[in-house]
Amino acid sequence: MSFGRIIQIIGMITALYALYFGIVKDSMKMEVLMLFIGVTVFFLGRVLENRSK
């Protein structure tokens with residue numbers, strides 16, 4: 001498993017954690033922030049994955 005793929009998985013987990021904040025904690029501000037961070041980390045992993053090929 002490559003480093004880029006691991007970063008992508010971390011980004012997906014962060015995005016899922018954002019849903020937890022939105023549903024359970026009822027914090028829209030934190031949900032959007034965590035979703036943005038998750039998408040950014042996933043995209044970074046995607047770029048790293050494409051560079052290694």
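Me: Why are helix 1 and helix 2 called roughly antiparallel?
Reply: The axes of helix 1 (residues 3-23) and helix 2 (residues 28-52) cross at roughly 170°. Over 145 degrees counts as roughly antiparallel, with angles running from 0 to 180 degrees between N-to-C directions, so helix 1 and helix 2 get that label. The two axes come within 7 Å, and the crossing is left-handed. By class, their contact has 17 nonpolar, seven polar and four charged residues.

Me: What kind of model is this, and which residues count for local features?
Reply: It's a predicted model, where local features need pLDDT of at least 70, side-chain atom pairs count only at pLDDT 80 or more, and totals for chains, interfaces and linings use all residues. Residues are numbered from 1 along each chain as its sequence is written, and side-chain values use heavy atoms, leaving out hydrogens and water.

Me: What makes phenylalanine 42 partly exposed?
Reply: Its relative accessible area is 30%. Buried means under 20%, exposed over 50%, and partly exposed is in between (1.4 Å probe, protein chains only), so phenylalanine 42 is partly exposed.

Me: Which residues of helix 2 are buried, and what covers them?
Reply: Glu31, Met34, Gly38, Gly45 and Glu49 are buried, and their cover includes helix 1.

Me: What does phenylalanine 42 touch, not counting residues up to four places away in sequence?
Reply: This helix 2 residue touches Gln8, Gly11 and Met12, where contact means heavy atoms within 4.5 Å. The C-alpha atoms of phenylalanine 42 and methionine 12 are separated by 6.6 Å, though the two residues sit 30 apart along the chain.

Methods:
Helix = DSSP H or I, 4+ residues; strand = E, 2+ residues; numbered from the N terminus. Parallel < 35°, antiparallel > 145°, perpendicular 65-115°, else oblique. Left-handed = near helix turned anticlockwise from the far one by under 90°. Nonpolar A, V, L, I, M, F, W, Y, C, P; charged D, E, K, R; others polar.
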